[in-house]
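Work through these exercises with the structure open beside you. Try each task before you read its solution.

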Amino acid sequence: MSTSPQELVEHALATTTSDDCVVIVGNNTSANLRWANNSLTTNGVAHGLSVTVISFVAGRDGTRTGSVSGAATTRDQVTALVAAADAAARDSSPAEDAVDLVAGAADPDWADPPAETDIGVYADVAPMLGEAFGTAQGGGRLLYGFVNHEVTTTYLGSSTGLRRRHVQPTGHYGCTAKTADLTQSAWVGGATRDFAEVNPLAMEAELATRLAWGAREVALPAGRYDTILPPTAVADLMVDTYWSAGARVAHDGQSVFSRRGGGTRIGDQVARAGVTLSSDPTHPGLECEPFVVAPASSNTSSVFDNGLPLARTEWIADGRLSALLQTRHSAVLTGQPATPAVDNLVLAVEGSSGGVAELVADVERGLLLTCLWYIREVDPQTLLLTGITRDGVYLVENGEITGSVNNFRFNESPVDLLGRFTAAGATEPAFSREWGEDYFSRTAMPALRVPDFNMSSVSQAR
Amino acid sequence: MSKPGLDPSFLALGYRQLGEVALARAAERGVQHADFRFERNRYQHLAVRDGHLQGAQDSEDLGFAVRVIHRGAWGFASGVVLTPQEVRRVTDQALAVAEIAATMTPTPVELAPEPVHEDVTWVSAYEVNPWEVATSDKVAVLSDWTARLVRHPVVEHAAASLQQVQENKYYADLSGTRTTQQRVRMMPSFEAMGSDSATGTFDSMTSIAPPVGRGWEYLTGRFWDWDAELAEVPELLAEKLKAPSVEPGSYDLVIHPSNLWLTIHESVGHATELDRALGYEANYAGTSFATYDQLGTLVYGSPAMHVTGDRTVEHGLATTGYDDEGVQTQSWDIIRDGVLVGYQLDRAMAHQKPELNPDPSVPGAGRSNGCAYADSPGHIPIQRMANVSLQPDAEGPSTDELISRVERGLYVVGDKSWSIDMQRFNFQFTGQRFFRIENGEISGQVRDAAYQATTTDFWGSMEAVGGPQTWELGGAFNCGKAQPGQVAAVSHGCPSALFRSVRILNTTDEAGTA
């Protein structure tokens, strides 16, 4: 028989034989539609329920931990997980990140049931999507895309009295359009919490406009170009920057945020004055978990920090590196405050306004990208990234979009870009094409104009 | 030692009855096809840094999935509550999804036929299930590795990790196929990090040991010489930190299997997935330059290029007995004498292109070559990569002989950074070690090198492949594809190979920090 998430938490805490215990229950429901060639393809709904039990066993040589996760829905299954976690802790080695567990009380909504989603979230979207297929077919265009909505309710309880609950809706949409001869491609996409504002017909119309820009094709060679990165492309790059901002690796001398000779670059000017890169669990539209949830320890997270409150954190303030991803353990190593990761990211440039259109209007001859893809780190010391442009590179001449250009491979450091961009737009919700879907969707970014973006070679991909 | 059998704790989970409930419910509703998949996937990840345990986590996926073709459309639903009532509810959900999809599916979905496999079992080739080894023993091995590495004066920090997976699946469909399978795989790794005080440069060097479809025996030294590699890596790192930065330009490359496997994965493996070639991944992973109209004519590479798809090779990460559509796995040619001759298929793809893998028992029909896979019970099976491998030359040369043919070039060992475009034309790869070749001999490492090429140019420049003595099976645990995103483990075998006139970049120049 199924048991409520709260009962699973309490059962685990009552059953453990370890000295301390943290239990994380995640109830996840999701619904998705996928399409290609103007036809729905693979579609589905899913329900998952995972229970993570982290046991802590104190010893003379330190505290040992064991973390075991499974899809438990009954007390018996949880009992087995607890036994496995307790055994894993006793069988383990002392944890180097050991600190006191977070204490606290119960959230007011602790007793509430999980929030859920289902295929009904597309009640308005699905009929419009069918209509968009017809419009595209009639216009000689092919649509390929995906919508996904999921709701995860997290319950976190600990032997120190914490009882925390958080409901996280996450949704996104993305659609690629191609001309019938497959020579032109365009993409639009974004994040949403509930699909209330998503309109597939408007999306199809925007894609038709972009494909029309490709009526004039211009071949350009590799080189450095005056380039406008729209907010989605900036998000593609800033997520990588955020992931590379671990304090421990910086302190150990292994990242772009390491000071040569030792220590971190906290306090150094790493971007133009006026640039702020921050996270805030209460940021409107990007709300995310306001406490640490860490099933396992790593360079940037610690199981001992579970339940630790999160607050607005400025990673870069007025162009200076002001914080790195810190556990309480790494904070001691580096002599900095504990600033754990927060599940959203906002880049803002002081005094900026307008958007892509305003930036385009000032360009005499340059490029406007749509998004970036297959971004990988080449060199951690400079955070040199490589990747490819995708689904729309446009030529800008005298402030107007005048045609489409071939794709390029780029080699660039996002940290370097933050120091040399020449203009920025207003910060707006921006969905990373590369990382938004599976890893990090809650981002807000401005468009940036970079005068010498390094297009390393030409790609024939369309 | 007796051959490993199916895990009794999986067999005890009562999935057969649940499967019959799902299939009966779907049959009542008159579906064209229904399948039921029950999975338990166990994972363990251990990480050690400088002798201290940094993270340890065991996790497990357990659940079931129901997939139907109803009114010509796919419907899929999955659940984790293991009761007949829940299975019936989830089956109804799958049917409801199909009914919504049917209104937007103009071409009905059909599957290629497959012989019925009645109650078959398959277990991968390993000796010791890693779950039978105490975690403390595993941590002790990793700690020992980092301790040995940091003894070298150049190594400031050392990390080691171990990922292991046990995957159990039961599959049943309306045609009568019932398969029960078990796979085990391991991915040990270590990394040594250091810096050069004179230049302020830091760098790292990792193990080049491949992940494998083996058990704990892989850590014992019988199949990989860990001791030798642990002794060698700090010296190589010290040399790399002092090495000169590469002069960009055109070089001949001899590429070791520890690097070439990844280039094969990206530029051949993904490019010859038929779902990509037909556009089904266009919004995400991308399409392919190797379009279907070029089958039999596309000159993919030099005549030395012979690539196979294979889901049967022993210890391969994509090796299994039956795929996630109940298809018995196979091996076949993808590129023969440099020409594209085949693709990777699932049952829906095989029905669309029956000429690719004709089914002799059903004239006019095609058969899947067994490439359907889902990474969890919560995901729908899609066409995933087989073990895609470059074949050696039966009488081919050694790696040293390949190097001896190069006047000015680089010998590339170990993978590092990789990126390729969404049609698999333009790529850029780095490596763990780039050794200079001068007049047929190795003469020390260079730094900051990356090779960049277009797929067909690169494979067209392959002058020779090594012999079977140079062939190794590399691979990865984490190949990503599909929406919602899924990961798959896949192996790629290859010999050392010689490529002429490949573009080498200096990554410091590219960063603009020279």
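The exercises below go from the interface to single residues.

This is a predicted model: local features need pLDDT of at least 70, side-chain atom pairs count only at pLDDT 80 or more, and totals for chains, interfaces and linings use all residues. Residues are numbered from 1 along each chain as its sequence is written, chains are lettered from A and ligands numbered from 1 in the order in which they are written, and side-chain values use heavy atoms, with hydrogens and water left out.

**Exercise 1. The interface**

Task: Describe the contact of chain A and chain B.

Solution. Start with the residues. Chain A gives 86 residues to the contact and chain B gives 77 residues. Contact means heavy atoms within 4.5 Å.

Next, take the area. The two chains bury about 6700 Å² between them, 50% of it on carbon and sulfur atoms. Buried area is the accessible area (1.4 Å probe) that two parts lose on being put together, summed over both.

Then look for charges that meet. The rule finds two salt bridges across the interface of chain A and chain B. A salt bridge is a side-chain nitrogen of Lys or Arg within 4 Å of a carboxyl oxygen of Asp or Glu. One of the pairs to look at is A:Arg34 with B:Glu281, at 2.9 Å from N to O.

Last, sort by class. The side of chain A that touches chain B has 27 nonpolar, 41 polar and 18 charged residues. Ala, Val, Leu, Ile, Met, Phe, Trp, Tyr, Cys and Pro count as nonpolar, Asp, Glu, Lys and Arg as charged, and the others, Gly among them, as polar.

**Exercise 2. Strands across the chains**

Task: In which sense do strand E3 of chain A and strand E3 of chain B pair?

Solution. Find residues 44-59 of chain A and residues 73-79 of chain B. These strands pair in the parallel sense over three bridges. Strands pair if DSSP finds at least two bridges between them. Helices (H or I, at least four residues) and strands (E, at least two) are DSSP runs, numbered from the N terminus. Now pick A:Val45: its bridge partner is B:Ala77.

**Exercise 3. The form of chain B**

Task: Compare the radius of gyration of chain B with that of a compact globule.

Solution. Chain B has 11 helices and 22 strands. With 514 residues, a compact globule would have a radius of gyration near 24 Å; chain B has 24 Å, so the two agree. The radius is taken over C-alpha atoms, and the globule rule is 2.2 Å times the number of residues to the power 0.38. Along its principal axes, the C-alpha trace of chain B spans about 75 × 55 × 45 Å.

**Exercise 4. A sheet in chain B**

Task: Give the strand order of the open sheet of four strands in chain B.

Solution. The order is E11-E10-E9-E14, with antiparallel pairing. The edge strands are E11 (339-340) and E14 (387-390), and each pairs on one side only. Zoom in on E10 and E11 of chain B: two bridges join them. There, B:Ile335 stands opposite B:Leu340.
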